[in-house]
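Me: I am new to this structure. Please show it to me, and then I will ask about it.

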Amino acid sequence: MRRLRAWSHAALALRPGERALDIGSGTGSEVFVFADAVGPTGTAVGVEPDPNLLASAQRRAAERDSTATFATGDAYGLPFGNESFDAVLCERVFQHLTAPARAAAEIARVLRPGGRAVVVDSDWATSIVHPGDPRVVGAVIDTLISSTTNPLSGRRLAGLLSGAGLVVDEIGSHALVQDRSVGAGALVSRIAGLAVLRGVITEDEHARLIADLQAGADRGDVHVSVTMFGVLVHKPS
């Protein structure tokens with residue numbers, strides 16, 4: 001994620017005095033980077049629907065004496081006027097949306113002509129879990145896909161943004177690979193548990209998969225990953 005975020009900030013290339021927005025800003029980490037880049041004459045804003053995350057970001061801004069500001073809102077209804085921002089970031093939001101085209105249209109609406117945006121998200125169909133029985137692994141990945149609102153969002157980003165009238169300048173990708181020392185990890189174990197509840201694998205197959213992954217980790221032969229995609233776009237002048 002650090003490398004993807006570094007790419008995102010380099011692609012946006014914020015300059016002093018610009019206005020920048022982070023959609024789904026969480027605890028505010030990227031907005032603080034924006035604030036440093038645009039300086040005291042610029043504007044760095046985060047929008048977050050979760051009140052607890054929003055409050056945390058506001059506390060952090062006060063502690064840092066940062067010029068970053070935060071507002072409640074979501075990707076479907078950004079609380080800003082048309083053509084308000086020079087740059088927009090939206091990371092790992094589209095996978096949760098039932099109407100991603102609406103969110104793409106909102107990004108296009110708030111961007112000024114010539115403004116740019118980076119949208120980053122996972123494509124859960126690219127998940128790899130190794131080692132393990134291929135049928136069991138496939139059932140677990142299918143369960144992950146079926147339990148995610150918009151699981152193929154990564155591959156759809158460019159088309160959604162183009163459909164909103166934005167021009168695609170660059171597409172990047174990076175596989176998020178789980179630390180080899182942690183075995184199956186919480187995500188695989190949790191999704192495998194859901195697969196048991198769905199009836200697509202048994203409790204014994206669940207336990208064997210986790211055991212296979214832990215044994216693989218012990219001998220240095222484990223791989224758990226998903227590919228994330230980032231799309232850089234601009235709004236035509």
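Predicted model: local features only at pLDDT ≥ 70, side-chain atom pairs only at ≥ 80, totals over all residues.

Me: How many helices and strands does the protein chain have?
Reply: The chain has 237 residues, and its C-alpha atoms fill a box of roughly 60 × 40 × 30 Å along the principal axes. Its secondary structure comes to 8 helices and 7 strands.

Me: What share of the contacts in the protein chain with a separation of 6 or more comes from residues 24 or more positions apart?
Reply: Contacts here are pairs with heavy atoms within 4.5 Å. Taking those with a separation of 6 or more, the share from residues 24 or more positions apart is 80%.

Me: How far apart are the centres of the positive and negative side chains?
Reply: The protein chain carries 22 positive and 26 negative side chains. The distance between the centres of the two sets is 3 Å.

Me: Which residues of α2 meet α1?
Reply: Helix α1 covers residues 2–12 and helix α2 residues 29–38, and they pack at about 35 degrees with axes 12 Å apart. The crossing is right-handed. From α1, the residues taking part are Arg5, His9 and Leu12. Their partners in α2 are Glu30, Val33 and Phe34.

Key:
Residues numbered from 1 in each chain as written. Heavy atoms only, no water. Helix = DSSP H or I, 4+ residues; strand = E, 2+ residues; numbered from the N terminus. Buried < 20%, exposed > 50% of the residue type's maximum accessible area, 1.4 Å probe, protein only. Lys, Arg positive; Asp, Glu negative; His and termini not counted. Charge placed at Lys NZ, Arg CZ, Asp CG, Glu CD. Axes fitted to C-alpha atoms, helices over the stretch in contact; angles between N-to-C directions. Left-handed = near helix turned anticlockwise from the far one by under 90°.
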